[in-house]
Amino acid sequence: MKQVEFNKPVLSGELLVPGDKSISHRAVMLGSIAKGRTHITGFLNGDDCLRTIEMFKQLGVSIERKGTEVTVESPGMQNWKTPDDQLYAGNSGTTARLMLGILAGSTITSTLTGDESLSLRPMNRVTIPLQMTGAKITGKKDANLLPLTIKGSPLTAIDYVMPVASAQVKSAILFAGLNADGTTTVTEDKVSRDHTERMLMHFGAKVDSLEKKVSITGGHALEGIDVHVPGDISSAAFFMVAAAMIEGSSITFENVGLNPTRTGIIDVLQEMGASVEILNETNENGEPAATVKVTQDNLRGTTIGGALIPRLIDELPVIALLATQAKGTTIIKDAEELRVKETDRIAAVTTELKKLGANIEATDDGMIIHGPTPLRGSVMDSYGDHRLGMMAAIAALATSGPVSIKDSECINISYPNFFEDLDTLVGNGSRNN
Ligand code: S3P
């Protein structure tokens, strides 16, 4: 159990944001599919991304890691070897779901497993469309739960309309489409993160993307290339919320990925009244990034729903915390996907924030929060969910007493240096007082 306690903290200074989790996974995946050498900089050494690396090593891809630099040397996916053991995705939904799409069109047979949380998460959102392409995937509950066995086979292109806004589903189908005969098309109702499309294009795949429709034509071999991973806005979001809600705070975030399919948190911070400045915009391998400065101001409640939800899906736990410190009512709706994340995040966030004295209620598809409320310390459960663990630590900045976090090690899944960065930002603030 980790105890976190602050006495009238102020956060200030600069934060170099760790690499983006979604982009790090995809860089290793495409580097392993492609033949030759892929050099990745800015890689996130979180547990989830390390699972992806380990999986490809089992398939005969050589991968070397030095700090945040990763070199992938692959014989190309047609030459992968059958793994000796099962492929373990740990806690990583992105690894499991995207690998299903990749392995479906490979030449090998393998079995994918995961930890307790991942073994309860629905896989049929991916296996149903993949089976339409001819994929041979078998497992419990009609191939809905891990472990799943995938027998690589020739695939045929499909035209698929997505029933849920999920980049993991879209990406699995596009990866399968890379090896399918013909042109695969995926249509979304609400646009989800598009890192897969951008990186496929960067690696030379035949991809067309127009608003809510993406297509890929199979049969084009990819070659290794250099990839730079920008900082993860979903990790920065925890400290953006801290900067926005703790009086006197201001943090400058360097290297924040600003792909428009991920920037919902910035829209919400501005809408709620925080000051957000965007400086020094760059673009590398099709992914925009910039420096972002967030400064505390008076906050007001807001309504978050519709097309905004996929653009901030992973930030909703910490946004709920922010809403407890905003004046008025915040309504989060259309976010039923939160119920099938690493834990049921609607139930977990409401239970844990109530322990601190928040006025929050769960709805079927979101949460309603009335603020501002003073928060008190308590024992908070992370449920083994990294984003719940970080939400609890950020909450401790606003509580009157200490917060003890159960299973805080899960934060290593996406942000191994989280507590060091928290200490530095609070330390900077105190020195400036
Ligand atoms: C991810 C997509 C999102 C997100 C997850 C990472 C990705 O899931 O919640 O943390 O890298 O594609 P869904 O697309 O299933 O909502």
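Let's start with strand 8 and strand 9 (residues 148-151), which run antiparallel and are joined by 4 bridges. Strands here are DSSP runs of E with at least two residues, helices are runs of H or I with at least four, and both are numbered from the N terminus. Within this pairing, Gly-139 stands opposite Leu-148 of strand 9. Zoom out and you get an open sheet of 4 strands in the order 6-7-9-8, with mixed pairing. Its edges are strand 6 (87-88) and strand 8 (136-139), each pairing on one side only; two strands pair if DSSP finds at least two bridges between them.

A word on the model: it is predicted, so local features need pLDDT of at least 70 and side-chain atom pairs count only at pLDDT 80 or more, while totals for chains, interfaces and linings use all residues. Residues are numbered from 1 along each chain as its sequence is written, and side-chain values use heavy atoms, with hydrogens and water left out.

Now for the inside. The largest nonpolar core has 77 residues, and Phe-239, Phe-253, Leu-316, Leu-353, Ile-394, Phe-418 and Leu-422 touch the most other members. Such a core is a set of buried Ala, Val, Leu, Ile, Met, Phe, Trp, Tyr and Cys residues joined through side-chain atoms within 4.5 Å. Buried means under 20% relative accessible area, exposed over 50%, and partly exposed in between (1.4 Å probe, protein chains only). Helix 8 (residues 233-245) gives the most to this core, 11 residues.

Take Ile-394: leaving aside neighbours within four places in sequence, its contacts (heavy atoms within 4.5 Å) include Phe-239, Phe-418 and Leu-422.

Two of those partners also meet each other. There are 6 aromatic pairs by the ring rule, which asks for Phe, Tyr or Trp (six-membered ring) centres within 6.5 Å and calls planes under 30 degrees apart stacked, over 60 edge-to-face and the rest tilted. Phe-239 and Phe-418 make a stacked one, 5.2 Å centre to centre with 25° between the planes.

Finally, look at Arg-387 in helix 12 (residues 386-395). This arginine counts as buried because its relative accessibility is 2%. Not counting residues up to four places away in sequence, Arg-387 touches Lys-21, Ser-234, Phe-238, Asp-314, Arg-345 and Ser-414.
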